[in-house]
Amino acid sequence: MNNLQRMLNDIEMEVELTHNFIGKDSLDKRVMAAIKQVPRHQFIPEELHYCAYNNGPVPIGSGQTISQPYIVAMMSDLLNTKPTDIILEIGTGSGYQAAILAELVKQVYSIEIIEGLADKAHSRLNKLGYNNVELRTGDGYFGWPEHAPFDGIIVTAAAPYIPRPLLDQLRVNARLVIPVGFPYSYQELIVAEKMANGEIETQMILGVSFVPLTGKCYAEAPHKAPF
Ligand code: SAM
């Protein structure tokens, strides 16, 4: 069995183990096909290629990580994407999650606060031919109002609370998938869905561990209890 197949099996096994939380025994086949399609080693520093297909996070520099493949797959699944969708990602990091989304939807916009990471992600995505991903350096707290409303928003860093601009930039019936909680401590993955009347319904999915969403959100409420 090759490393990629082992990673896919590990994701499927973890989905089964967490089915009580995520409400399903298997993920959308389109999501698993996207995971199979994107070469994860291309998003990881060369000296760490040996662990590119482990089901775990990997350092990408600047104190940041590429997320665990199971988490990437599960969050992509929670977005309920369609091929015609326009999706916003906050926290480009290596660009891996953006590439997975680019396989699933029409257009991806992604914002990264660390310029060096954004530059590297930009050249990787270009080299791999992902011309339906547009990147910007900045604080994702504010979203990307010029391209709103979005058919889904995914945040890949933990926020102390859900940023209001992101909810405002969601289309009706669209979902925001976001880890909310304390930095390097208790965090909960949340799905916030905008109802037809504009109300937001939230669902707590499961406990996760992400690097913090820095910028305005964290500066305002670094130590407040989110729940
Ligand atoms: N999605 C990434 C990938 O596929 O490699 C992994 C994301 S990493 C867990 C979280 C990223 O969020 C880091 O690159 C970090 O710099 C970025 N980040 C943190 N706060 C941010 C903010 N306010 N706006 C945009 N990006 C932010």
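In the predicted model described here, the axes of helix α1 (residues 3–17) and helix α3 (residues 29–37) come within 10 Å and cross at roughly 150°, where axes are lines fitted to C-alpha atoms, for helices over the stretch in contact, and angles run from 0 to 180 degrees between N-to-C directions. Helices (H or I, at least four residues) and strands (E, at least two) are DSSP runs, numbered from the N terminus. The two helices α1 and α3 are therefore roughly antiparallel to each other, a term applied to angles over 145 degrees, with those under 35 counted as roughly parallel, 65 to 115 as roughly perpendicular and the rest as oblique. The crossing in which α1 passes α3 is right-handed; a crossing is right-handed if the near helix is turned clockwise from the far one by less than a right angle, and left-handed if anticlockwise. On the α1 side the contact is made by L4, M7, L8, I11 and E12, and on the α3 side by M32, I35 and K36, contact being defined by heavy atoms within 4.5 Å. These residues divide into six nonpolar, no polar and two charged, where Ala, Val, Leu, Ile, Met, Phe, Trp, Tyr, Cys and Pro count as nonpolar, Asp, Glu, Lys and Arg as charged, and the others, Gly among them, as polar.

Residues are numbered from 1 along each chain as its sequence is written. Because the model is predicted, local features need pLDDT of at least 70 and side-chain atom pairs count only at pLDDT 80 or more, while totals for chains, interfaces and linings use all residues, and side-chain values use heavy atoms, with hydrogens and water left out.

Helix α1 also packs with helix α4 (residues 69–78), the axes of the two coming within 9 Å and crossing at roughly 65°. In this pair, too, α1 passes α4 in a right-handed crossing. M7, I11, E14 and V15 of α1 meet P69, Y70 and A73 of α4, and by class this contact has six nonpolar, no polar and one charged residues.

Within helix α4 lies D77, which counts as buried at 6% relative accessibility; buried means under 20% relative accessible area, exposed over 50%, and partly exposed in between (1.4 Å probe, protein chains only). Neighbours within four places in sequence aside, D77 is in contact with K24, L27, D28 and V31. In the loop between α4 and β3 is N80, a residue that is partly exposed at 48% relative accessibility and that has a positive phi of about 55° although it is not a glycine.

Strand β3 (residues 86–90) contains I90, which is buried, with a relative accessible area of 3%. Apart from its neighbours within four places in sequence, I90 is in contact with I111, G140, I154, V155, T156, L166 and L213. The C-alpha atoms of I90 and W144 are separated by 9.6 Å, the two residues being 54 residues apart along the chain.

Most residues other than glycine have a negative phi, and most peptide bonds are trans. A positive phi, near 55°, is found for S62, in the loop between β1 (58–61) and β2 (64–66). A cis peptide bond, with omega about 5°, joins A148 and P149, and P149 lies in the loop between β5 (133–137) and β6 (150–155).

A search of the whole structure finds zero disulfides, a disulfide being a pair of cysteine sulfur atoms within 2.5 Å. C51 is buried, with a relative accessible area of 13%, and C217 is likewise buried, at 0% relative accessibility.
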